[in-house]
Structure formats: C-alpha cells, structure tokens
Amino acid sequence: MRDVAIIGIGDTKFGELWDQSFRDLGIQAGLAAVGDANLSGEEIDALYVGNMSAGKFIEQEHIGALIADYSGLARDNIPATRVEAAGASGGLAFRQGYLAVASGMHDIVVVGGAEKMTDVGDVLSTEIQATAADQQWETAFGATFPALHALIARRHMHEFGTTREQMGMVAVKNHKHGSLNPKAQYQKEIKLDAVLKSPPVAEPLGMFDCAPISDGAAAVVLCCMDKARKYTDTPVKVLASGQASDTLALAHRESITRFDATSVAARRAFKQAGTDASGIQVAEVHDNFTISEILAVEDLGFFPKGEGGKATAEGQTALGAKIAVNTSGGLKARGDPIGATGIAQVVELVYQLRGQAGKRQVAGAERGLAHNVGGTGATAIVTILGRVN
Amino acid sequence: MTVARFWRENESRYNLIGTKCGNCGRLYFPPRSVCPVCHRKSLGKMEHFHLEGKGEVLSFSIVHDAPSQFELQKPYVIAIIMMDEGIRLTGQIIDCEPADVTIGMRVQATIRKVGEEGPSGIIHYGYKFMPLR
Amino acid sequence: MEVGIVSYGAYLPRYRITPQEIGRVWGTDGEQMSKNLLILSKSVPSPDEDVITISIEAARNMMRRCDVSPQDIGAIYVGSESHPYAVKPTGTVVAEAIGAGPNLTVADYEFACKAGTAAIQTCMGLVGSGMIKYGVAIGADTSQGAPGDALEFSASAGGAAYLIGSENVIARVNRTCSYTTDTPDFWRREGQCYPSHGGRFTGEPAYFKHILAAARSLFSIMGTKPADYQYAVFHQPNGKFPVRVAKQLGFTEQQIEVGLLTPFIGNTYSGAVPLGLASVLDVAEPGQRIFAVAYGSGAGSDAFDITVTDAIKDLRREKAPTVKELVERKKFLDYATYAKYRGKIRMKEGAE
C-alpha cells in the first residue's frame, strides 16, 4: 500500500440549483478540483463517481461514462466507474479511488460525487431516499426514511434520556456553522425554538431535524504521495479508510440506538491511522437527521454511548470546542445532495487541514475525520485525513 | 410492474412466515436462505416457521410526511415490534389513536392493505399491528 | 349426515358515522333520517380495509375458535357485492391467509345482500354430498351509497365467516330453503361506483315479499311456528324492516333483539345476516333454535332453521371477539374524514 494524497478539491454551492443540470454540477466540481490540482487533464488515470439514484432522480444511469464524457475525458478512454451505497455513495467512491491509488494500480484519480434531486417533486424525492432502506420489509409497510430515524430517536430518548432540545441543538449548531460557509445551502442561523416548533415530519422529528433536499457536486483529485508535490504545495494525506456494513433493515439489529457499521469502520480507520478519537480535531459526520449526529459522535468514540445529546447541548461539538463537528454546516445546513455528500465532507476537511476554511477554521487542525452513512447505518465509511507538514 | 415481486413474498406478508436455522435454532424474519451466524453450515437447513403475531413496541414514530401510497392514512404510526419469539420487524400500528401508542405496548398482527398500484393495479396485502385484545 | 356450523367468526371496522353527520353535509334532516331508518350509526372501513381484509379477519376469528386444520378446508366461498377485484377472487387471498389449500375450490359470490347465505348453502351441499370435509362461507361487504343518496345513511361494512362441516357441529342446520324471482329493486351496473335502487319499490314487492315467502315456506316444510324458536335473524337494510317483517311473521321483539345490529352498525349487506347470526351464536346455548332469513335484491331470500348443539360448549368462543365487542369498539368520524376514507375525494395519482 502506497501513501495517497489529496492534491485538488472542488465543490459547487449546494442548494436548489434550478438552472443547473446533473452534468453541469458534476463537471463544475470536477473541473474545479482538476484546476486546484494544477492538472491539464491527460494525467488522469481513472474517474470514480459517487451517485445514489440518478436513475430515479433524472432517469439517467451510466453515470460514470456520462461524467467522463462531459469532463472531456472520454477521448482518453479512461476507466470511469460509478459507485453506489445510498447516502454513502460519495464516501465509498472516495474509498475506491483511494484503494486504486494506494494499490499502485493508478497514480492520479479523480473522485466526484453528485446528485440532482430537485428535478422531481418533494414527495417523490422522499420516496427515492427511502430506497436506501429495505424496500420490501420497511418502505413497503410505510416506513419513510425520516420515520426510520425517528424510530432511532424515540428509542434513544427512551434508553438514554436524550431530549428533543438536545437533538434540536444539533440543528442550531450546524446552521451556525453553515452561516460561515459561503457554499452552504442554509447560511442562516436558527433558534432552538424554531427547530422544536417546526412542522412534524415523523414524530419526534420535525422538519428542522431533517437535512434538506439539495442539488450539488464535489470532487477531489487523489495522487500517490511521491508525486503529490509535483502538483501542489499543500497535499493532504489520506491516513486511513475504514468501511463496514450491517443489516439493511434497521429492525434486524440487536440495537437501534447505535450504528455498529460506524463503530467498526471507525475502529478499522483508527487502527490504520494509528490514532483514536482523541487524535481528531475536526469531523464531518453524517447528520442527515439531528439524531444521526448524536449517534455518530457516540459511535465514533468522541463521547460515551448515550451522552451525545448532552455533549451537543453543552457545545462540546461546536467550532472552538475540542472536537469541532460539521464545520461545513453538515448535511443539515450545508445541504445533502446524496452522492455528493461524502466527497463534500472530504473537501471540507481539506479546507480545514490546509488552513483555508476562513471564518470556520479550526485552529491547528492536524487530523480530520469524515463519516458517511448509507441507509440507516447499513453502510458506513470513515476516512481520516492528516496535514502534511 | 411489481406483481411478481410482491406475490413471491405473500406467504410471509400474510402469515408471518420466517425461517429457523436448522443448525443453531436462531429465528429470522423475513426468511433467509443462509444463517448469518452459521454461514455455510446452515445451507439447506433453513426451515420455515410461523410467528404467532404477538409482540411489543420497541420504538415508534407518527408519520406526517407520507409517501403517496399512505396519503389517506396520515398521520399513521410506524413501529419496530419485538415479537414474542425474540425477532424484530417493522410495521404499522393501526386501530388506535397515535397518541395512545407507547414503547412496551403489547400488539398483535392483523392483515390490511399495505399498498396498491393505482386504481387498476394489483392490491398488496400484509401485516399490520393492532393493540392486543 | 348432520351438516351445520362448526365454527364462526365476525369482523367489524372500528370507524362509525352518524346519520346526523351525513345529513348535516347534504342538507337532509339527519335526525329524522335516523328515526326513519332506525339507524344510530353505521360502520365505516378504514382506507386500508376492504372485503378481502374483512373476510380474512372474520375467517381467522373463526379458525381461532376451533381445532380444525385449515388443510381440511375443501371450499371457500366469499359472498359480497364489493369484492376489491372485479376479476380475481377474494377467496384466493382468504385461503392463503388462513393457510388453506391449495387443494380446494374457491369462488366469489354475488347476490346483493344474500351472497353470504348462498355461500353457506353451497358449502352445506358440498359437505352433505361428501365432496368436501369442511367448507368456509363468508358474507362481507364495504358497501357504498352515492354521496347524498338515502343509501349513504345505511351502507356500511363488516362480515362474518362460517365453517361448515359434519363433525363437531355447534349449530345444526335442520333445513334451508330459498325463494327467488326476477325483481329489479336494487342493482349496480358493471363499471358503476354506486348502486341504484327503486326507492319504495325495495319494500313490499321486494324485501317483504321474498322474506315472507321463504319464511312461510320453511315453517311449512318444518311444521314449525315462530314460538318454536328462541332467536330470529332477518336481513336488516335498516332498523325498521326486520322489526316489521318479524312482527308480520309473528315473532316478538325479544326473539330478534340479539341479531338486530343495523341500528348500531348500519347495513353490512352480505355481512348482515351472517353477523346477526354470529351475534346470536355468541350467546346461544345448547338446544336453542334459530330462525334466519336473508334477503338479496334482485331478488331472493334464503331461510334457515338451525338448532344449537351441545358442542357449542366446547367451542372456544372467547378466543375471538364477540359481535357485541366489535360493535362497541368504535370511533366516530366527521363527514370529511369519512369521505376521504371512502375514496369519495378525487385524488391525484402517484408522486411526482
């Protein structure tokens, strides 16, 4: 295994981008990353694209070839691969690109992630998101994606005394972070009361407990470490990549208040990186719902099980705390264009580790962790990045 | 067309038929062809078994934003039920007020329409849960 | 061979609506309608219920009460005028849901409100001839009246299932006979959502003529009179007709009280006499005799002379809810919710 560096990043604004198509977004992010890496194009050995459901959102499959083609790479006949793991599609695409470079198969790989969600209506969009759950044994019986997370939330409240207020504080904090991110979908702070009084979606979760429907794309360029300096002065090293899976249906787990896939992927990643949760200063975690961030900060080992809500309410995950969680605004405020999310998390960490995060910069960030989840924890990807001094 | 996709599972949807591993005795619902614990040793030994249909609410949510299939029923209750046999499944709780549902509440399975493919398509029937009589 | 009822089960949806509430919306005097029809409320199926689910619930309640193996069921007939499918039998779903078959015969019946009793007669014939060991006869409906029509005040939902056999018979059917003519009092053409009816024509030349003829014919065959029976059940399109027909035949109000459900749940159509009879069987004791006459528009009547046997003491009646329990389990709806549940509101199809 070779060391791998990120030498370029690119991302679009996230939001309801009515005037931009799926391919517009993918190419915009890809070109930005390639430009950031000072590549001319012909150096690229392979392309990986994370995308959950273009087939349903825009009735287009064969996304790898599409993005390669419109990025101008089709003439070079490079391998182009689409990767899908529901909400973890981006994180998993990143991992595939990382493995390809680390193995020595390729030297320079572009990994993108994109989703165009607003070409369908809200109801259909919600139904498509639910395809990440078990269609035959959950969705068919009326379990929506928010409802499955509401089941987790209700049980977490029951077992650990987590409160609606504590969950609401996840949204408040992430909106605050989002207000510092010019590319976030929501750049406005919100008050706890607004979260608590937002219309119920799936009780106990309200609308402000849910990440929005978003369009967007993000991309990174990966390069073997020994060639990285050729292209950039600020390579960021991929310290580790951990992946784990679990039952597709939430109900089939021993416990619904933890994601074992998260803790196992984290354990694998921490082992590879030679560190643990205490060695991380900044983390982008999968907060598609407020309860998801509480689960994540527990399962990743930042806080003991059951104390994620309390820690959040106490500000222990905010910018300025020992571990800054979701400085980009997270899925909640930055937005959640599903396939793009896992890559956008990595992009945010690169900003942080390069010291380019502006008003939301975590001072002295040495290591960052990205946590990307598919479905209700059936896939989890944990990526750890480190500053190269 | 989801005709065959649903029809294939009618037995489990109507009558809560799961599988029991002939090697270790663990129970699964929906049916599995391989036991996640015994792996290869379970092959060919996964036997059908019938859940009695009684259990208790492990967690629940009152769904307000519903897929089009469930538009007429919202707000409705979706829950994870811990069946008396020790396995869990996801289903709606009906025939009671959402506000009356609690964690630990005893429920029993019944059968209802779970969906249909428009006014001219096939109707899907399957289990839902109601408060235990 | 002694052929009769081996077990039975009932089912009623939980929702109700009052004539007052229906009248409020249509500018009809609901109070007066309630008095005229002698209907205090009617049952309403929830959006996830139909004749298939009601039939299964009733059939499962029936199976819970006895030890008969579903594999010994040789026939299932479901009588209804609101089968969810015009083509694709209700009985096939019922059979699989109670674990019967596949070695059995199934068919759906329709004879307005007497399709359920016609199913009982068919099962009796098959059992009596030795063709099958047990047969299941179900009468169930989720009947609809056109919005604002008089029928809307009564058309309701419910059903009951009967296991017919010759062993462990809890209620022996001593005799059944029918009376059938071509009388167009009530009908629904193919493809129409709501039935049509002949107004007052549904009374004397239809309901009363057929019930009286079938009942008198049965009295004459059996050499019996009303006083020989503890209970009588008549088809009950409203609360008044059965009371009047009972009186004309010489039955007392006490004899029909237990089987008269329409005042509380409305007209369950094919479910009406089967539910009324189930209500009687819930309380009947060995040796008691039951007189039952169904009526189906179009038109015909099926009459039954039934004697409860000692075996009813061994039937686990407590394993399933009684009709009374089902009647008392209720939640009232306003008209808007009722209209939504009954599909009377035009919806957009699918998500976009």
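Reader: How are α6(A) and α11(A) set to each other, oblique or parallel?
Author: This is a predicted model, and in it the axes of helix α6 (residues 145–160) of chain A and helix α11 (residues 290–299) of chain A come within 9 Å and cross at roughly 60°. Angles from 65 to 115 degrees count as roughly perpendicular and those under 35 degrees as roughly parallel, and α6(A) and α11(A) are therefore oblique to each other.

Reader: And which hand does the crossing of α6(A) with α11(A) have, left or right?
Author: The crossing in which α6(A) passes α11(A) is left-handed.

Reader: Which residues of α6(A) and α11(A) meet there?
Author: From α6(A) come A:H149, A:I152, A:A153 and A:H156, and they meet A:I291, A:S292, A:I294 and A:L295 in α11(A). Sorted by class, this contact has five nonpolar residues, three polar ones and no charged ones.

Reader: Okay, now chain B. How many residues of chain A are in contact with chain B?
Author: In chain A there are 26 residues in contact with chain B, and they meet 26 residues of chain B. On the chain A side, α5 (122–129), α6 and β5 (200–203) each supply at least two of the residues that touch chain B.

Reader: Which element gives the largest share of that side of chain A?
Author: That is α6(A), which supplies seven residues of the side that touches chain B. By class, this side of chain A has 15 nonpolar, six polar and five charged residues.

Reader: What does β5(A) pair with in chain B?
Author: Its partner is strand β4 (residues 54–63) of chain B, and the two strands pair in the antiparallel sense over two bridges. In β4(B), the residue B:I62 is the bridge partner of A:E203.

Reader: Switching topic: how many helices and strands are there in chain A?
Author: Chain A has 14 helices and twelve strands. Its radius of gyration is 19 Å, close to the 21 Å that the globule rule gives for 389 residues, so chain A is as compact as a globular protein of that length. Along its principal axes, the C-alpha trace of chain A spans about 55 × 45 × 40 Å.

Reader: In what order do the ten strands of the open sheet in chain A lie?
Author: The order of the ten strands is β3-β2-β4-β7-β1-β8-β12-β11-β9-β10, all of chain A, and their pairing is mixed.

Reader: Which strands stand at the edges of that sheet?
Author: The edges are taken by β3 (80–83) and β10 (324–325) of chain A, and each has a single partner strand, so one side of each is left without a neighbour in the sheet. Within the sheet, strand β4 (residues 108–116) of chain A and strand β7 (residues 215–224) of chain A pair in the antiparallel sense over nine bridges, and A:G113 stands opposite A:A218 in β7(A).

Reader: What does helix α3 of chain A touch on the sheet?
Author: Helix α3 (residues 63–70) of chain A packs on the sheet and touches β2 (46–50), β3 and β4 of chain A, with its direction making about 130° with that of β3(A). Helix α14 (residues 338–354) of chain A lies across several strands, including β1 (4–11) and β12 (379–387) of chain A, and runs at about 125° to β4(A).

Reader: Back to chain B, what pattern does it follow along the sequence?
Author: Chain B has two helices and eight strands, and read along the sequence its pattern is α-α-β-β-β-β-β-β-β-β. Three of the strands form an open sheet in the order β2-β1-β3, with antiparallel pairing. In this sheet β2 (27–28) and β3 (46–50) of chain B stand at the edges with a single partner strand each, so one side of each is left without a neighbour in the sheet.

Reader: How many bridges join β1 of chain B to β2(B)?
Author: Strand β1 (residues 17–21) of chain B is joined to β2(B) by two bridges, and the two run antiparallel. The bridge partner of B:K20 in β2(B) is B:L27.

Reader: Last one, chain C: at what angle do α3 and α4 of that chain cross?
Author: The axes of helix α3 (residues 51–64) of chain C and helix α4 (residues 90–97) of chain C cross at roughly 40° and come within 9 Å. These two helices are therefore oblique to each other, and the crossing of α3(C) and α4(C) is right-handed.

Terms used: Residues numbered from 1 in each chain as written. Chains lettered and ligands numbered in written order. Predicted model: local features only at pLDDT ≥ 70, side-chain atom pairs only at ≥ 80, totals over all residues. Axes fitted to C-alpha atoms, helices over the stretch in contact; angles between N-to-C directions. Helix = DSSP H or I, 4+ residues; strand = E, 2+ residues; numbered from the N terminus. Parallel < 35°, antiparallel > 145°, perpendicular 65-115°, else oblique. Left-handed = near helix turned anticlockwise from the far one by under 90°. Contact = placed C-beta atoms within 7 Å. Nonpolar A, V, L, I, M, F, W, Y, C, P; charged D, E, K, R; others polar. Pairing = 2+ DSSP bridges. Rg over C-alpha atoms; globule rule 2.2 N^0.38 Å.
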